Structures are given as structure tokens and as C-alpha cells.
Amino acid sequence: MRLIDDWKRKFPKLWSVQLSILAALASAVEVGFSYWATGKPAWIAGAAMLISLGAAGARIIAQPSVTANG
């Protein structure tokens with residue numbers, strides 16, 4: 001697995017990362033409120049939170065060019 005160049009400097013500045021983290025935080029709040037109100041966590045919101053965090057992490061993985069032949 002190859003990471004993007006200078007990922008430590010770029011990671012916190014990428015809009016896709018910032019939005020993914022914001023989505024994860026919103027999902028975490030939803031899980032918390034659901035648990036507080038009903039005593040049961042909202043599992044789908046928890047899954048959304050984990051997927052959002054995974055998307056933020058995947059953003060720093062270098063991807064082969066989409067236009068490359070073959």
C-alpha cells in the first residue's frame with residue numbers, strides 16, 4: 001500500500017477528510033442520542049460512523065491513475 005506524497009501535511013487540510021470526519025461526528029451524536037432516549041444504540045448510524053472514518057483514512061492511499069491503459 002502506497003500513501004500519497006506528504007500525507008501528514010495534507011491530511012488535515014483535505015476537504016474530503018474534513019467532511020468525512022464531520023459525518024462521523026454527526027453519526028456519533030445520533031448514536032448517543034438514540035442510546036440516551038431509548039436505551040438502544042442506532043446500529044445503522046454506528047455503521048455510518050465507521051464507514052465515514054474509513055473513507056477519511058482511505059483518502060491518503062495513493063490510487064493508480066484512472067486514465068492509465070490496461
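This is a short tour of the structure in your viewer, one selection at a time. Keep in mind that you're looking at a predicted model.

**Stop 1: helix α3**

Select residues 43–58, which make up helix α3.

**Stop 2**

Now colour Ala45, Gly46, Ser52 and Ala56, the buried residues of α3. They lie on the same side of the helix, because the arc they cover around the axis is only 120°. There's a handy rule behind patterns like this: an α-helix has 3.6 residues a turn, so residues three or four places apart point the same way.

**Stop 3: what covers α3**

Show residues 15–38, helix α2, which is part of what covers the buried residues of α3. Zoom in on Ser20, a residue of α2. Is Ser20 buried or exposed? Its relative accessibility is 14%, and since buried means under 20%, Ser20 counts as buried. Leaving aside residues up to four places away in sequence, Ser20 touches Ser52, Ala55 and Ala56. You've already coloured two of those, as Ser52 and Ala56 are among the buried residues of α3.

**Stop 4: the nonpolar core**

Select Ile4, Leu14, Val17, Ala56 and Ile60. Together these five residues form the largest nonpolar core. Here's Ala56 again, this time as a core member.

Stay with Ile4 and look around it. Which residues does Ile4 touch, not counting those up to four places away in sequence? They are Lys10, Leu14, Arg59, Ile60, Ile61 and Ala62. Leu14 and Ile60 belong to the core as well.

**Stop 5: the salt bridges**

How many salt bridges does the structure hold? There are two.

Show the side chains of Arg2 and Asp5, which meet in a salt bridge with an N to O distance of 3.6 Å. Both partners are exposed: Asp5 has a relative accessible area of 53%, and Arg2 is at 54%.

Then move to Asp6 and Arg9, whose side chains also meet in a salt bridge, at 2.5 Å from N to O. Asp6 is partly exposed at 43% relative accessibility, and Arg9 is partly exposed too, at 48%.

Methods. Residues numbered from 1 in each chain as written. Predicted model: local features only at pLDDT ≥ 70, side-chain atom pairs only at ≥ 80, totals over all residues. Heavy atoms only, no water. Helix = DSSP H or I, 4+ residues; strand = E, 2+ residues; numbered from the N terminus. Expected span 1.5 Å × (residues − 1). Buried < 20%, exposed > 50% of the residue type's maximum accessible area, 1.4 Å probe, protein only. Arc of directions from axis to C-beta. Contact = heavy atoms within 4.5 Å. Salt bridge = Lys/Arg side-chain N within 4 Å of Asp/Glu carboxyl O. Core = buried A, V, L, I, M, F, W, Y, C linked by side-chain atoms within 4.5 Å.
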